Amino acid sequence: MGLESLQDELSEHMSQMGALSETGEEAAAGGPVSATAPKSRSPIAIQNIPLELEVILGRIGMTVAELGQVGPGQVLSLNKMIGEPIDLVVNETKIGTAELIALEGEPTAYGLKILSIEGSEGA
């Protein structure tokens, strides 16, 4: 599921919420929906909903006992190699891939070079 699919799913959910308020059904919280509730949500309002983009550099499989042995200074090996694409994830859904880069003029700061976004024309 790509970014467009997430937007479509959110729009559908918001439309359903508007339909509930129009029919006067009770809200999920248990109370009646206000007669003054908005009938529809603006796409701009949906676009302003905050979310967190996760950048998954790699994963490590280990047991609880192995995790208990982890300490300061220990190096853990990730399952990704330098230069491999890394996953971009929103709400546990992969939306694309990127490459980790050092920012120009900031040798100790990192950035992302987007390689693909799922559901976009370039993907």
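Thr 97 touches Pro 85, Ile 86, Asp 87, Leu 88, Ile 114, Leu 115 and Ser 116, leaving aside residues up to four places away in sequence; contact here means heavy atoms within 4.5 Å. This is a predicted model, where local features need pLDDT of at least 70, side-chain atom pairs count only at pLDDT 80 or more, and totals for chains, interfaces and linings use all residues. Residues are numbered from 1 along each chain as its sequence is written, and side-chain values use heavy atoms, with hydrogens and water left out.

**Around Thr 97**
- You will find Thr 97 in strand E3; strands (E, at least two residues) and helices (H or I, at least four) are DSSP runs, numbered from the N terminus.
- Thr 97 has a relative accessible area of 13%, so it counts as buried (under 20%, with a 1.4 Å probe and protein chains only).
- The side chains of Thr 97 and Ser 116 are joined by a polar contact of 2.8 Å; such a contact is a pair of N or O atoms within 3.5 Å, and within protein one must be able to donate a hydrogen and the other to accept it, while residues adjacent in sequence count only if both atoms are side-chain atoms.

**The whole chain**
- The protein chain has three helices and four strands, in the order α-α-β-α-β-β-β along the sequence.
- Of the 123 residues in the protein chain, 14% are buried.
- Among contacts in the protein chain with a separation of 6 or more, 38% are between residues 24 or more positions apart.

Conventions:
Buried means under 20% relative accessible area, exposed over 50%, partly exposed in between (1.4 Å probe, protein chains only).
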